[in-house]
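Hi,

Here is the structure I promised to pass on.

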Amino acid sequence: MKIFIYILMLLALGVIVYNFTLLDFDNLLGKNSAIALIGILSAACVIALMGILLTSKAIAKKAGE
């Protein structure tokens with residue numbers, strides 16, 4: 001499970017990098033840039049949630065000992 005979480009985090013990081021290349025800094029609120037910004041924010045949420053999941057699993061493991 002831990003490896004799967006790290007793979008998801010790596011994929012989310014890849015999505016962030018890809019969407020960052022799609023941004024048009026001259027028109028950040030344009031159609032394509034708005035979609036890229038939504039993609040960046042959603043991938044960042046995935047990374048944050050997976051980090052929380054890893055932390056909660058570590059705490060549960062310590063509490064169970």
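Predicted model: local features only at pLDDT ≥ 70, side-chain atom pairs only at ≥ 80, totals over all residues.

Residues are numbered from 1 along each chain as its sequence is written, and side-chain values use heavy atoms, with hydrogens and water left out.

Let's start inside. The largest nonpolar core has six residues, namely A12, I16, L23, A36, I40 and A43. By nonpolar core I mean a set of buried Ala, Val, Leu, Ile, Met, Phe, Trp, Tyr and Cys residues joined through side-chain atoms within 4.5 Å. Buried stands for under 20% relative accessible area, exposed for over 50%, and partly exposed for anything in between (1.4 Å probe, protein chains only). Helices α1 (2–22) and α2 (31–64) each supply at least two residues of this core, and α2 gives the most, with three. Helices here are DSSP runs (H or I, at least four residues; strands would be E, at least two), numbered from the N terminus.

Which residues does A43 touch, not counting residues up to four places away in sequence? They are A12, V15 and I16. A contact, by the way, means heavy atoms within 4.5 Å.

N19, in helix α1, is buried, with a relative accessible area of 10%. Not counting residues up to four places away in sequence, N19 touches A36, G39 and I40. S33 belongs to helix α2 and is buried too, with a relative accessible area of 2%. A polar atom of the S33 side chain lies 2.9 Å from the backbone nitrogen of D24. Once its neighbours within four places in sequence are left aside, S33 is in contact with L22, L23, D24, N27 and L28.

Why does I5 count as buried? Because its relative accessibility is 1%, and the cut-off for buried is under 20%. Leaving aside neighbours within four places in sequence, I5 is in contact with M50, L53 and L54. The C-alpha atoms of I5 and G51 are separated by 8.5 Å, although the two residues are 46 apart along the chain.

F20, F25, L28, L29 and L37 make a nonpolar surface patch of about 540 Å². Patches are made of residues with over 30% relative accessible area and no salt bridge; like charges are joined within 9 Å, and nonpolar side chains (Val, Leu, Ile, Met, Phe, Trp, Tyr) within 5 Å. A salt bridge is a side-chain nitrogen of Lys or Arg within 4 Å of a carboxyl oxygen of Asp or Glu, and the areas come from the Shrake-Rupley method with a 1.4 Å probe, where only the protein chains shown count as cover for residues.

K2, in helix α1, counts as exposed at 55% relative accessibility. From C-alpha to C-alpha, K2 and N32 are 34 Å apart in space, and 30 residues apart in sequence. G64, in helix α2, is exposed, with a relative accessible area of 64%.

Happy browsing!

How values were computed: Polar contact = N/O pair within 3.5 Å; in protein donor to acceptor, adjacent residues only side chain to side chain.
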